[in-house]
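Me: I would like to learn how to read a few features of a protein model. Could we take them one at a time?

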Amino acid sequence: MAKLSTEELLDAFKELTLIELSEFVKAFEETFDVTAAAPVAVAGPAAGGAAPAEEVEEKDSFDVVLEAAGDKKIQVIKVVRELTSLGLGEAKAVVDGAPKAVLEGANKETAEKAKASLEEAGATVTLK
């Protein structure tokens, strides 16, 4: 098998639905006996004990977490579909399963736009 470049891997992940990506992460964690959160925990001490405030500034990957759908559940489902390209059933499952990540590993601009869109639809959202 030819080795894929980082760019090719990212393009492949962009084609996945949130559910498929979640399943991939679980399989990756099981295969390599790691957790997706481990690199973050290891980065602090390895960076020579950098101050936590500096680490927050350097963060370039955010998870958009739907905490609650609010009163306008249908509007929130529509926004989730727009943000993720999930089907109706998958988007409804994300909204019904709140708190749940809608986007994972998004850049700051994308995460903030997604948060604004979801909040405009009536949802309660946090960025992690």
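Predicted model: local features only at pLDDT ≥ 70, side-chain atom pairs only at ≥ 80, totals over all residues.

Me: Which residues have the most contacts inside the largest nonpolar core?

Reply: A nonpolar core is built from buried residues joined through their side-chain atoms. The largest one here has 22 residues, and those with the most contacts inside it are V64, L66, V76, V80, V95, V102 and L118. Two or more residues each come from β1 (62-68), α5 (73-84), α6 (88-96), β2 (100-106) and α7 (108-120). The most, four residues, come from α5.

Me: What does L66 touch, leaving out residues up to four places away in sequence?

Reply: L66 touches V76, V94, V95, A98, P99, K100, V102, A123, T124 and V125. One of these, K100, is also the bridge partner of L66 in β2.

Me: How do I read the strand pairing, and how many bridges join β1 to β2?

Reply: As a general idea, side chains in a regular strand alternate between the two faces of the sheet. For the pairing itself, look at the bridges and the direction. β1 and β2 run antiparallel and are joined by four bridges. β1 is also joined by four bridges to strand β3 (residues 124-127), again in an antiparallel arrangement. In that pairing, T124 of β3 stands opposite A68.

Me: Is T84 buried or exposed?

Reply: T84 counts as buried because its relative accessibility is 10%, and buried means under 20%. T84 is found in helix α5. With residues up to four places away in sequence left out, T84 touches V102 and L103.

Me: How many salt bridges does the structure hold?

Reply: Side chains of opposite charge can pair when their charged atoms come close. The structure holds five salt bridges. One of them is between K73 and D96, with the closest N and O atoms 2.5 Å apart. This pair links distant parts of the chain, as K73 is in helix α5 and D96 in helix α6, 23 residues apart. K73 has a relative accessible area of 34% and is therefore partly exposed; D96, at 41%, is partly exposed as well.

Me: Which side chain meets K115 in a salt bridge?

Reply: The side chain of E119 does, at 3.6 Å from N to O. K115 and E119 both lie in helix α7, four residues apart, about one turn of the helix. K115 counts as partly exposed because its relative accessibility is 25%, and E119, with a relative accessible area of 37%, is partly exposed too. Elsewhere, salt bridges that share partners join K73, K92 and D96 into one network.

Definitions and conventions:
Residues numbered from 1 in each chain as written. Heavy atoms only, no water. Core = buried A, V, L, I, M, F, W, Y, C linked by side-chain atoms within 4.5 Å. Buried < 20%, exposed > 50% of the residue type's maximum accessible area, 1.4 Å probe, protein only. Contact = heavy atoms within 4.5 Å. Pairing = 2+ DSSP bridges. Salt bridge = Lys/Arg side-chain N within 4 Å of Asp/Glu carboxyl O.
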